[in-house]
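Subject: Structure handover

Hello,

Here is the structure I promised to pass on. Please open it alongside this email; my notes follow below.

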Amino acid sequence: MRKGVFLFIFLISSAFSGVIKSETFTGCAFSVVETKNDSVSALSAVLYSSGYDLSSIEELKVRGELADVDLHLMRDSMPQLRIVDLSEVHLEDNRLSDKVFMNKETLEAVKLPETLQSIGWLTFVGCKALENVDFLSCKNLQIIGKLSFSGCGLKGDLVLPPSVTTIEDYAFYGDNRLKSVRLPASLVTIGELAFKDCTQLEILLTEQVEPIALSSNIGAKGVVLQVPKKGIKAYKKAKVWKDCRISASK
């Protein structure tokens with residue numbers, strides 16, 4: 001079994017206090033001076049005050065409020081980081097900002113925040129080892145931004161949260177290990193070439209009887225599209241969708 005360093009960090013709003021649990025620091029508490037400078041990283045303050053070696057962190061779970069600078073710290077200062085659990089994190093505007101994990105090639109798995117509402121442009125682009133993105137707790141996620149997961153290592157079957165309304169242009173472009181994607185009934189739009197060059201993509205599944213009106217190619221020509229039986233005729237006539245191999249849902 002691969003041995004790595006696991007950290008659990010607890011942050012509380014702006015009067016930051018932190019608790020770190022790991023193989024080295026067990027139950028150690030650190031107090032961080034309150035600051036009015038929003039650019040100061042609460043996460044880095046907790047870690048640096050502990051004297052912790054950021055380069056040794058492979059698995060990280062964080063609770064509390066995080067700013068973009070905290071996410072940049074994970075990306076730029078943790079060269080061995082593989083697994084990140086953000087499920088109990090609160091982000092500004094409930095949004096994962098543009099490029100925050102861009103080209104983080106060591107990243108293998110991410111659990112997204114429960115309160116997350118949107119994922120920005122290029123957020124995980126180029127994360128070649130990123131196989132698993134856990135959307136299960138994302139009950140409010142609406143927008144998956146442009147190129148957000150392009151060029152990732154996402155594999156197997158991807159189930160998007162039932163709250164998602166928008167998949168923007170090139171969102172999953174080049175994710176050539178994806179086998180299937182389950183589209184939520186809440187979906188309103190899919191952007192241009194959202195699934196382009198997903199070379200192993202075999203199946204798209206939707207529960208929507210009426211096809212979404214698409215204005216541009218989503219990159220799924222020839223892919224099996226499983227739809228409710230009542231919707232087969234409509235999909236076979238609909239622009240873009242008719243280029244898929246349409247069949248009834250099982």
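In helix H2 (residues 68-77), the buried residues include Asp70, Leu71, Leu73 and Met74. Viewed down the axis of H2, the buried residues stay within an arc of 150°, so they line one face of the helix. The general rule behind this: an α-helix has 3.6 residues a turn, so residues three or four places apart point the same way. Keep in mind throughout that this is a predicted model.

Strand S4 (residues 57-66) is mostly covered, with seven of its 10 residues buried. S4 and S5 run parallel and are joined by seven bridges.

**Ser87 in S5**

Ser87 belongs to strand S5 (residues 83-91). Is Ser87 buried or exposed? Ser87 has a relative accessible area of 12%. The cut-off for buried is under 20%, so Ser87 counts as buried. The side chain of Ser87 makes a polar contact with the side chain of Asp85, at 2.7 Å. Setting aside neighbours within four places in sequence, Ser87 is in contact with Lys111, Leu112, Pro113, Glu114 and Ser137.

**The S6-S7 loop**

Val100 sits in the loop between strand S6 (95-96) and strand S7 (109-111). Val100 is buried, with a relative accessible area of 0%. Which residues does Val100 touch, not counting those up to four places away in sequence? They are Asp68, Leu71, His72, Arg75 and Thr123. Leu71 is also one of the buried residues of H2. Thr123 lies 23 residues from Val100 along the chain, yet their C-alpha atoms are separated by 5.4 Å.

Lys99 is in the loop between S6 and S7 as well. Lys99 is partly exposed, at 40% relative accessible area, whereas Val100 is buried.

**Two positive phi values**

Most residues other than glycine have a negative phi. Two residues here deserve a look on that score. Lys99 is not a glycine, but has a positive phi of about 65°. Leu122 is not a glycine either, and has a positive phi of about 60°. Where is Leu122? Leu122 is in the loop between strand S8 (118-119) and strand S9 (132-134). Leu122 is buried, with a relative accessible area of 18%.

Now the pairings one by one. Strand S13 (residues 177-183) and strand S15 (residues 203-206) run parallel, joined by four bridges. Ser180 stands opposite Ile203 in S15. S15 and S16 are also parallel, with three bridges between them. Ile203 has Val224 as its bridge partner in S16. S16 pairs with S17 in the parallel sense over four bridges. There, Leu225 has Ile246 as its bridge partner in S17.

What about the two sides of strand S16 (residues 224-227)? Val224 and Gln226 point one way, Leu225 and Val227 point the other way, and all are buried. In a regular strand the side chains alternate between the two faces of the sheet.

S16, helix H3 (residues 232-237) and S17 form it, and the unit is right-handed.

**The chain overall**

The protein chain holds three helices and 17 strands. Of its 250 residues, 50% are buried. Among contacts between residues at least 6 apart in sequence, 46% join residues at least 24 apart.

Best wishes

Note on methods
Residues are numbered from 1 along each chain as its sequence is written. This is a predicted model: local features need pLDDT of at least 70, side-chain atom pairs count only at pLDDT 80 or more; totals for chains, interfaces and linings use all residues. Side-chain values use heavy atoms; hydrogens and water are left out. Two strands pair if DSSP finds at least two bridges between them. Buried means under 20% relative accessible area, exposed over 50%, partly exposed in between (1.4 Å probe, protein chains only). Contact means heavy atoms within 4.5 Å. The arc is that of the directions from the helix axis to the C-beta atoms. A polar contact is a pair of N or O atoms within 3.5 Å; within protein, one must be able to donate a hydrogen and the other to accept it, and residues adjacent in sequence count only if both atoms are side-chain atoms. A crossover is right-handed if, with the strands pointing away from the viewer, the path from the first strand over the helix to the second runs clockwise.
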